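Here is a short tour of a protein model, meant to be read with the structure open beside you. Let us begin with one term and then walk through the fold.

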Amino acid sequence: MDGVPVSDEIDPRIERSRHHVLIATVDLLREVGYSRLTIEAVAARSGVAKSTIYRHWPGKVELVTDAFTTLQRRDAEPPPGPVRDRVTAVLTGMVESLTAPAHLACVMPALIDAAEHSPEMAMLSGRLAEESAVPLRKVLDDAVETGELPPDTDTGLLADSLVGPIVLCRLFHRRPVTADEVPTLVEQTLPLVGPVPTRSPA
């Protein structure tokens, strides 16, 4: 009708139901994994009717994709400074966030399991990994441009080398890398810039 404004606001009841469904999906992924996850179980856990869930998500793949995408953190790039300080800031934030119950790492095993059974989940796994590496890659790329890192540095491989110990410890339930240990990890992993200092003869 002319003259009647059309509201583009999202119905809060829909958003509330969507939130309950996504949280239930993440909880069940953590508890039973991707293979045993069912829409029926999500409906029972969330209190949202199965028909409503199917109205918003055609199937399990779409629902799990939405849950993982929503859960993925968007870490900000650290402020300018020496590359070691910036890398330390990124990795410290990662270490601290890995203990958060709602962090992606809590359902990492479920994502790996899902990737083995579904090409769509394998693509999602790769995309999430790439997105999570963006802040660190940006810091390393900046350091190459400013000469803090050698010009032939493979920043993708270097980023994986820095993140690898943190993720592996979390994934295999080993003693986690602590925030206090991050500076040592950075010092031992980042390539030396400039000539290696020589010891003076005794």
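## A term to start with

A residue is called buried when its relative accessible area is under 20%. Please keep in mind that this is a predicted model.

## Overall fold

The protein has nine helices and zero strands. Read from the N terminus, its elements run α-α-α-α-α-α-α-α-α.

Of the 202 residues, 36% count as buried. Among contacts with a separation of 6 or more, 67% are between residues 24 or more positions apart.

For Thr69, the C-alpha to C-alpha distance to Leu124 is 8.5 Å, while the two are 55 residues apart in sequence.

## Two nonpolar cores

In soluble globular proteins, nonpolar side chains tend to be buried together. Here, the largest nonpolar core has 25 residues. Those with the most contacts inside this core are Val21, Leu29, Val42, Ile53, Leu63, Val64 and Phe68. Two or more residues each are given to the core by α1 (12–32), α2 (39–46), α4 (60–71), α6 (108–117) and α7. Helix α1 supplies the largest share, six residues.

Leu29 shows how this region is connected. Leaving aside neighbours within four places in sequence, Leu29 is in contact with Tyr34, Leu37, Val64, Phe68, Val107 and Ala110. A second, separate core has 23 residues, including Leu136, Leu149, Leu162 and Val177.

## Leu158 in helix α8

Now move to Leu158 in helix α8, which covers residues 155–171. Is Leu158 buried or exposed? With a relative accessibility of 8%, Leu158 counts as buried.

Beyond the residues within four places in sequence, Leu158 is in contact with Leu140, Leu149, Thr153, Thr189, Leu190 and Pro191. Leu140 and Leu158 are 18 residues apart in sequence, and their C-alpha atoms are 8.3 Å apart in space.

## Helix α5 and its partners

Two packed helices are described by the angle between their axes and the distance between the axes. Take α5 (residues 83–97) with α9 (residues 182–189): their axes come within 9 Å and cross at roughly 130°. That angle makes α5 oblique to α9, and the crossing is right-handed. On the α5 side, the contact involves Arg84, Val87, Thr88, Leu91, Thr92 and Val95, which meet Val182, Pro183, Leu185, Val186 and Glu187 of α9. By class, this contact of α5 with α9 has seven nonpolar, two polar and two charged residues.

How do α5 and α8 lie relative to each other, and at what angle do their axes cross? The axes of α5 and α8 come within 11 Å and cross at roughly 20°. This makes α5 roughly parallel to α8, with a right-handed crossing. Here Val87, Leu91, Met94 and Val95 in α5 meet Leu162, Val163 and Ile166 in α8. The residues of the contact of α5 with α8 divide into seven nonpolar, no polar and no charged.

Technical notes. Residues are numbered from 1 along each chain as its sequence is written. This is a predicted model: local features need pLDDT of at least 70, side-chain atom pairs count only at pLDDT 80 or more; totals for chains, interfaces and linings use all residues. Side-chain values use heavy atoms; hydrogens and water are left out. A nonpolar core is a set of buried Ala, Val, Leu, Ile, Met, Phe, Trp, Tyr and Cys residues joined through side-chain atoms within 4.5 Å. Buried means under 20% relative accessible area, exposed over 50%, partly exposed in between (1.4 Å probe, protein chains only). Helices (H or I, at least four residues) and strands (E, at least two) are DSSP runs, numbered from the N terminus. Contact means heavy atoms within 4.5 Å. Axes are lines fitted to C-alpha atoms, for helices over the stretch in contact, and angles run from 0 to 180 degrees between N-to-C directions. Angles under 35 degrees count as roughly parallel, over 145 as roughly antiparallel, 65 to 115 as roughly perpendicular and the rest as oblique. A crossing is left-handed if the near helix is turned anticlockwise from the far one by less than a right angle, and right-handed if clockwise. Ala, Val, Leu, Ile, Met, Phe, Trp, Tyr, Cys and Pro count as nonpolar, Asp, Glu, Lys and Arg as charged, and the others, Gly among them, as polar.
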